[in-house]
Amino acid sequence: MILKKDWWKILGAALVMYSLIAGLLVNVPQLPIIYESIRNLFYHVTMWFAMIAMMTVSMVHSIRYLRKPDLRSDISASEAAYTGLVFGALGIVTGMLWANYTWGKPWANDPQLNGAATAILIYLAYAVLRGSVSDEEKRARVSAVYNVFAFVLLIVFIGILPRLAEHSIHPGKSGNPALGVKGLDPMMRMVFYPAIIGWIMIGIWIWKINCVIREIKQQEEI
């Protein structure tokens, strides 16, 4: 009975373990400059997919709260955003490591990097905003409104503006050939796509656990 209920957790953990191991063993194309560091695609890019998924969940629950105020929706929205921030931080760190090997420095003046950092700061401001409002209902309402706009800015800063930039050293931007999607090596696809699904599942798992912890704490405070 437990296995039927938690099958997706087991699958998510299995996919992540598979991607972590296979990502180091699978044959990868030896592209100039990138070479073996291309394996970071399995770890760095998947963190951003997981972050976007969690921020989407957060935005949806914020909209639910605005339509029908319910503190459970507020908890779901905030915990999803916090979980997304963790994946965003991991994306930044793994990206800096990759940049250090391929570009010679951990941070370059690149639109994609700057946009990602700005998006993270926007959601950090969301966390600060929640911490600065003591009234529970007011905090939920104000942060829900902020969260909707934060998600729009997230898409703008990491998905739209980098593609419109005239100069970018990031793959797939400003005419710079991309690593993935249509041009991704078939062997890499066998690791990359399962890794995305696995990390999103793990993110949802972490989010659900955090929501339960928050609800228990609130019940204890009453």
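Predicted model: local features only at pLDDT ≥ 70, side-chain atom pairs only at ≥ 80, totals over all residues.

Me: OK, and how many helices and strands does the chain have?
Reply: Seven helices and zero strands. Reading from the N terminus, the order is simply α-α-α-α-α-α-α.

Me: Back to alanine 80, is that one buried or exposed?
Reply: Buried: its relative accessibility is 0%, and anything under 20% gets that label.

Me: What is alanine 80 in contact with, leaving aside neighbours within four places in sequence?
Reply: Met54, Val57, Ser58 and Trp207. There's also a C-alpha pair to look at: alanine 80 and lysine 208 have 8.5 Å between their C-alpha atoms, and they are 128 residues apart along the chain.

Me: What about contacts over the chain in general, what share joins residues at least 24 apart?
Reply: 74%, taken among contacts between residues at least 6 apart in sequence. As for burial, 43% of the 222 residues count as buried.

Me: Let's do helix packing. How do α3 and α4 pack?
Reply: For a helix pair you quote the angle between the axes and the distance between them. Helix α3 covers residues 44-67 and helix α4 residues 71-102; their angle is about 160 degrees and their axes are 7 Å apart. That makes the two roughly antiparallel, since the cut-off for that label is over 145 degrees. The crossing is left-handed.

Me: And which classes of residue make up that α3 with α4 contact?
Reply: 17 nonpolar, twelve polar and two charged.

Me: Which residues does serine 73 touch, neighbours within four places aside?
Reply: His61, Arg64 and Tyr65. Serine 73 lies in α4 and is buried, at 11% relative accessible area.

Me: Now α4 with α5, at what angle do those axes cross?
Reply: Roughly 145 degrees, with the axes coming within 10 Å. This crossing is left-handed. On the α4 side the contact includes Asp74, Ala77, Ala81, Leu85 and Ile92, and among the α5 residues are Ala116, Ile120, Tyr123, Ala127 and Arg130. By class it comes to 13 nonpolar, two polar and two charged residues.

Me: Asp74 is in that list. Is aspartate 74 buried or exposed?
Reply: Buried, with a relative accessible area of 6%. Not counting residues up to four places away in sequence, aspartate 74 touches Tyr65, Arg130, Ala140, Ser143 and Arg214.

Me: Moving on, what's the angle between α5 and α6?
Reply: About 175 degrees, with the axes 9 Å apart; α5 is residues 111-132 and α6 is residues 136-164. So α5 and α6 are roughly antiparallel to each other.

Me: Which residues meet there?
Reply: From α5 you have, among them, Gly115, Ala119, Ile122, Tyr126 and Arg130, and from α6 the set includes Arg139, Ser143, Tyr146, Phe151 and Leu154. The contact divides into 17 nonpolar, five polar and two charged residues.

Me: Switching to electrostatics. How many salt bridges does the count give?
Reply: Four. The general idea is that side chains of opposite charge can pair when their charged atoms come close.

Me: Which residue does arginine 214 form a salt bridge with?
Reply: Glutamate 79, with the closest N and O atoms 2.6 Å apart. Arginine 214 is in helix α7 (residues 186-221) and glutamate 79 is in helix α4, so this pair ties together parts that are 135 residues apart in sequence. Glutamate 79 counts as buried, at 8% relative accessibility.

Me: What about arginine 39, which side chain does that one meet?
Reply: Arginine 39 pairs with glutamate 36, at 2.6 Å from N to O. Arginine 39 counts as buried at 13% relative accessibility, while glutamate 36 is partly exposed at 40%.

Me: And lysine 9, which partner does it have?
Reply: Aspartate 6; the N to O distance in that salt bridge is 3.4 Å.

Definitions and conventions:
Residues numbered from 1 in each chain as written. Heavy atoms only, no water. Axes fitted to C-alpha atoms, helices over the stretch in contact; angles between N-to-C directions. Helix = DSSP H or I, 4+ residues; strand = E, 2+ residues; numbered from the N terminus. Parallel < 35°, antiparallel > 145°, perpendicular 65-115°, else oblique. Left-handed = near helix turned anticlockwise from the far one by under 90°. Nonpolar A, V, L, I, M, F, W, Y, C, P; charged D, E, K, R; others polar. Buried < 20%, exposed > 50% of the residue type's maximum accessible area, 1.4 Å probe, protein only. Contact = heavy atoms within 4.5 Å.
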